[in-house]
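Take a look at the chain below.

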Amino acid sequence: MAELTETYRAVVFPWHCDQNGHMNVRWYAHHFDDAGFHLWTVSGLNLSKLRERGINFVVVGNATDFVDELKAGELLVIKSGFAELGNRSLKAVHHMYNSDTGALCATHDMVLVGIDAVTRQSVAMPDEVRERISQKLVSIGQK
């Protein structure tokens, strides 16, 4: 099994925070979504080449667990990986950490489906994409 790979870094800005003084849930989604795009590249897959072949991946499900808060001025890092692989779908997992303390702050599961860019219908993943992802699968319990 592969390890989670760093896919994203950011600063928590004051405008990310809510009335409770910690980063609001909408910004967790923002950061996890950005990390999801980078996961393809760090896994050796090129989204522009997939698009040239007429294949896109769309998110069909998200689940976030909030573990520890992040406050303005703190730094975050996200580590990601592919956890499950189906014929037309896959699951990406993301773990958000406080960069300074190493504390796990949130986890996020993202289910994606491959679609034909023209028909917008689900399609089987190309063999080379399935092969690359299968080499990068991580254990879901990994931190």
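This is a predicted model. Start with glutamate 6, which counts as partly exposed at 36% relative accessibility. Glutamate 6 pairs with arginine 9 in a salt bridge. The closest N and O atoms of the two are 2.7 Å apart. Arginine 9 counts as exposed, at 52% relative accessibility.

Move on to arginine 53. This residue forms a salt bridge with glutamate 128, and here the closest N and O atoms are 1.9 Å apart. The pair links distant parts of the chain, 75 residues apart. Arginine 53 sits in the loop between helix 2 (47–52) and strand 2 (55–66). Glutamate 128 belongs to helix 3 (residues 127–135). Both ends count as partly exposed: arginine 53 has 48% relative accessibility, and glutamate 128 has 45%.

Next comes lysine 71, which forms a salt bridge with glutamate 69. Their closest N and O atoms are 3.5 Å apart. Lysine 71 is partly exposed at 40% relative accessibility. Glutamate 69 is partly exposed too, with a relative accessible area of 37%.

Aspartate 18 lies in the loop between strand 1 (5–11) and helix 1 (25–42). Is aspartate 18 buried or exposed? Aspartate 18 is buried, yet has no salt bridge. The nearest side chain of opposite charge belongs to arginine 26, 8.2 Å away. A salt bridge needs the atoms within 4 Å. The side chain of aspartate 18 does reach the backbone nitrogen of asparagine 20, at 2.9 Å.

Cysteines are the next stop. How many disulfides are there? The count comes to 0. Why? The sulfur of cysteine 17 is 12 Å from the closest cysteine sulfur, in cysteine 105, so the two are too far apart for a bond. A disulfide needs the sulfur atoms within 2.5 Å. Their surroundings can be set side by side. Cysteine 17 is partly exposed, with a relative accessible area of 21%, whereas cysteine 105 is buried, with 1%.

Finish at the surface. Val11, Phe13, Trp15 and Leu75 form a nonpolar patch there. Together they have about 370 Å² of accessible area. One of these residues, valine 11, has its place in strand 1. Valine 11 counts as partly exposed, at 31% relative accessibility.

Methods. Residues are numbered from 1 along each chain as its sequence is written. This is a predicted model: local features need pLDDT of at least 70, side-chain atom pairs count only at pLDDT 80 or more; totals for chains, interfaces and linings use all residues. Side-chain values use heavy atoms; hydrogens and water are left out. Helices (H or I, at least four residues) and strands (E, at least two) are DSSP runs, numbered from the N terminus. Buried means under 20% relative accessible area, exposed over 50%, partly exposed in between (1.4 Å probe, protein chains only). Lys and Arg count as positive and Asp and Glu as negative; His and the chain ends are not counted. A polar contact is a pair of N or O atoms within 3.5 Å; within protein, one must be able to donate a hydrogen and the other to accept it, and residues adjacent in sequence count only if both atoms are side-chain atoms. Patches are made of residues with over 30% relative accessible area and no salt bridge: like charges are joined within 9 Å, nonpolar side chains (Val, Leu, Ile, Met, Phe, Trp, Tyr) within 5 Å. Accessible areas come from the Shrake-Rupley method with a 1.4 Å probe; for residues, only the protein chains shown count as cover.
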